[in-house]
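Colleague: Could you walk me through this one? I am still learning how to read a structure, so please take it step by step.

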Amino acid sequence: MNSQHDILYQRIVELEVEHRDLDAVIETLIHDGRHEELQLRRLKKRKLQLKDNITLLKMQLIPDIPA
């Protein structure tokens, strides 16, 4: 049975892969020159959401440090 830590780590990996894929798509669209600004904005917004989610999940992996 997977621990909560393993589940979080797997989800982080999945989100990081999606983030890298989106980055590649965005770069391709920019260099291709045949993109719509709205499409590009939506992809960039999704990429930022992924980054925020990754950060939040990574914070959950860090144990609380007593004050």
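Colleague: Which way do α1 and α2 cross, left-handed or right-handed?

Modeller: In this model, which is a predicted one, the crossing of α1 and α2 is left-handed.

Colleague: What kinds of residues make up the contact of α1 with α2?

Modeller: The residues of that contact divide into 14 nonpolar, nine charged and five polar.

Colleague: And at what angle do the two helices pack?

Modeller: Helix α1, which covers residues 4-32, and helix α2, which covers residues 37-61, pack at an angle of about 155°, and their axes are 9 Å apart. Because angles over 145 degrees count as roughly antiparallel, α1 is roughly antiparallel to α2.

Colleague: Why do you give me both an angle and a distance?

Modeller: Two packed helices are described by both of them, the angle between their axes and the distance between those axes.

Colleague: Okay, new topic: how many salt bridges are there in the whole structure?

Modeller: A search of the whole structure finds four salt bridges, and we can go through some of them. One of them joins R46 and E18, whose closest N and O atoms are 3.1 Å apart. R46 lies in helix α2 while E18 lies in helix α1, so this pair ties together parts that are 28 residues apart in sequence.

Colleague: Are R46 and E18 buried or partly exposed?

Modeller: Both count as partly exposed, with R46 at 30% relative accessibility and E18 at 29%.

Colleague: What does K47 pair with?

Modeller: K47 forms a salt bridge with D23, and here the closest N and O atoms are 2.7 Å apart. This pair also links distant parts of the chain, with K47 in helix α2 and D23 in helix α1, 24 residues apart.

Colleague: Let's move on to single residues. Is H19 buried or exposed?

Modeller: H19, which is found in helix α1, counts as buried because its relative accessibility is 19% and the cut-off for buried is under 20%.

Colleague: What does H19 touch, then?

Modeller: If we leave out residues up to four places away in sequence, H19 touches K47, L50, K51 and I54. K47 is also the residue that forms a salt bridge with D23.

Colleague: You mentioned I54, so what does I54 touch on its side?

Modeller: I54 lies in helix α2, and, again not counting residues up to four places away in sequence, I54 touches I12, L15, E16 and H19. I54 is buried, with a relative accessible area of 8%.

Colleague: How far apart are I54 and Q39 in space?

Modeller: Going from C-alpha to C-alpha, I54 and Q39 are 23 Å apart in space, although they are 15 residues apart in sequence.

Colleague: And what separation do you get for L8 and L57?

Modeller: The C-alpha atoms of L8 and L57 are separated by 6.5 Å, while the two residues are 49 residues apart along the chain. L8 is found in helix α1 and counts as buried, at 10% relative accessibility.

Colleague: Which residues does L8 touch?

Modeller: L8 touches L57, Q60 and L61, once residues up to four places away in sequence are left out of the count.

Notes: Residues numbered from 1 in each chain as written. Predicted model: local features only at pLDDT ≥ 70, side-chain atom pairs only at ≥ 80, totals over all residues. Heavy atoms only, no water. Axes fitted to C-alpha atoms, helices over the stretch in contact; angles between N-to-C directions. Helix = DSSP H or I, 4+ residues; strand = E, 2+ residues; numbered from the N terminus. Parallel < 35°, antiparallel > 145°, perpendicular 65-115°, else oblique. Left-handed = near helix turned anticlockwise from the far one by under 90°. Nonpolar A, V, L, I, M, F, W, Y, C, P; charged D, E, K, R; others polar. Salt bridge = Lys/Arg side-chain N within 4 Å of Asp/Glu carboxyl O. Buried < 20%, exposed > 50% of the residue type's maximum accessible area, 1.4 Å probe, protein only. Contact = heavy atoms within 4.5 Å.
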